[in-house]
Amino acid sequence: MPKLTLPGLLASALPGLLLICALPAQAITPQADAEVQQLLNFVGQSQCTFIRSGTSYSAKEAQEHLGMKYGKAKSKISSSEDFVNEVASKSYLTGKPYTVQCPKTAEQSAKNWLNTELKRLRAEKKS
């Protein structure tokens, strides 16, 4: 694994940080905020391992990390999809996508996993 240096880390993080800074301030709707909270609870209650930048984390650690990122980005996003696609699916520092390893399933992208759960939540709400 290549050694990370502060200049290298900043250079790789800059595009993601600029994206969040460049997004216009928007207010997330109460419905979208509720969906994000449901997604965060889903993450924390899962039995899955989360892989961020090559390091594995428990479901509770992932929930805390994504909750912290959501708190920082909340004023810059307007939908649950923004949360999944811009906040919860990749590292701001490295740009690497997050992955999820759940029991008895293949490793998958956090983006796909969370979008699948978001669709399930919405379908459940309609029924």
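Asp33 is found in helix α2; helices here are DSSP runs of H or I with at least four residues, numbered from the N terminus. Before going further, note that this is a predicted model, where local features need pLDDT of at least 70, side-chain atom pairs count only at pLDDT 80 or more, and totals for chains, interfaces and linings use all residues. Residues are numbered from 1 along each chain as its sequence is written, and side-chain values use heavy atoms, with hydrogens and water left out.

Back to Asp33. Its side chain makes a polar contact with the side chain of Lys74, at 3.3 Å. A polar contact is a pair of N or O atoms within 3.5 Å; within protein, one must be able to donate a hydrogen and the other to accept it, and residues adjacent in sequence count only if both atoms are side-chain atoms. If you skip residues up to four places away in sequence, Asp33 touches Ile28, Tyr70 and Lys74. Touching, or contact, means heavy atoms within 4.5 Å.

**Helix α3**

The buried residues of α3 include Leu66, Lys69 and Tyr70. Buried means under 20% relative accessible area, exposed over 50%, and partly exposed in between, using a 1.4 Å probe and protein chains only. Gly67 also lies in α3, but Gly67 counts as partly exposed because its relative accessibility is 27%. Gly67 and Leu40 are 27 residues apart in sequence, yet 6.8 Å apart in space, C-alpha to C-alpha.

**The core and its rings**

The largest nonpolar core has 27 residues, and Phe50, Phe83 and Trp113 touch the most other members. Helices α2 (30-45), α3, α4 (80-87) and α5 (110-126) each supply at least two residues of this core. A nonpolar core is a set of buried Ala, Val, Leu, Ile, Met, Phe, Trp, Tyr and Cys residues joined through side-chain atoms within 4.5 Å. Leaving aside neighbours within four places in sequence, Phe83 is in contact with residues including Val36, Leu66 and Ala88.

How many aromatic pairs are there? The count comes to three. Rings of Phe, Tyr and Trp (its six-membered ring) pair if their centres lie within 6.5 Å; planes under 30 degrees apart are stacked, over 60 edge-to-face, and the rest tilted. Two of the pairs look like this:

| Pair | Type | Centre to centre | Angle between planes |
|---|---|---|---|
| Phe42 and Trp113 | tilted | 4.6 Å | 35° |
| Tyr70 and Phe83 | edge-to-face | 5.4 Å | 80° |

Phe42 lies in helix α2 and Trp113 in helix α5, so their pair ties together parts that are 71 residues apart in sequence. Trp113 counts as buried because its relative accessibility is 9%, while Phe42, at 23%, counts as partly exposed. Tyr70 and Phe83 are both buried. Ring pairs also link Phe42, Phe50 and Trp113 into a cluster.

**Charges over rings**

The charged end of Lys69 sits over the ring of Tyr92, 4.1 Å from its centre. Arg52 lies over the face of Tyr57, 3.9 Å from the ring centre. To count, NZ of Lys or CZ of Arg must be within 6 Å of the ring centre and within 35 degrees of the ring normal.
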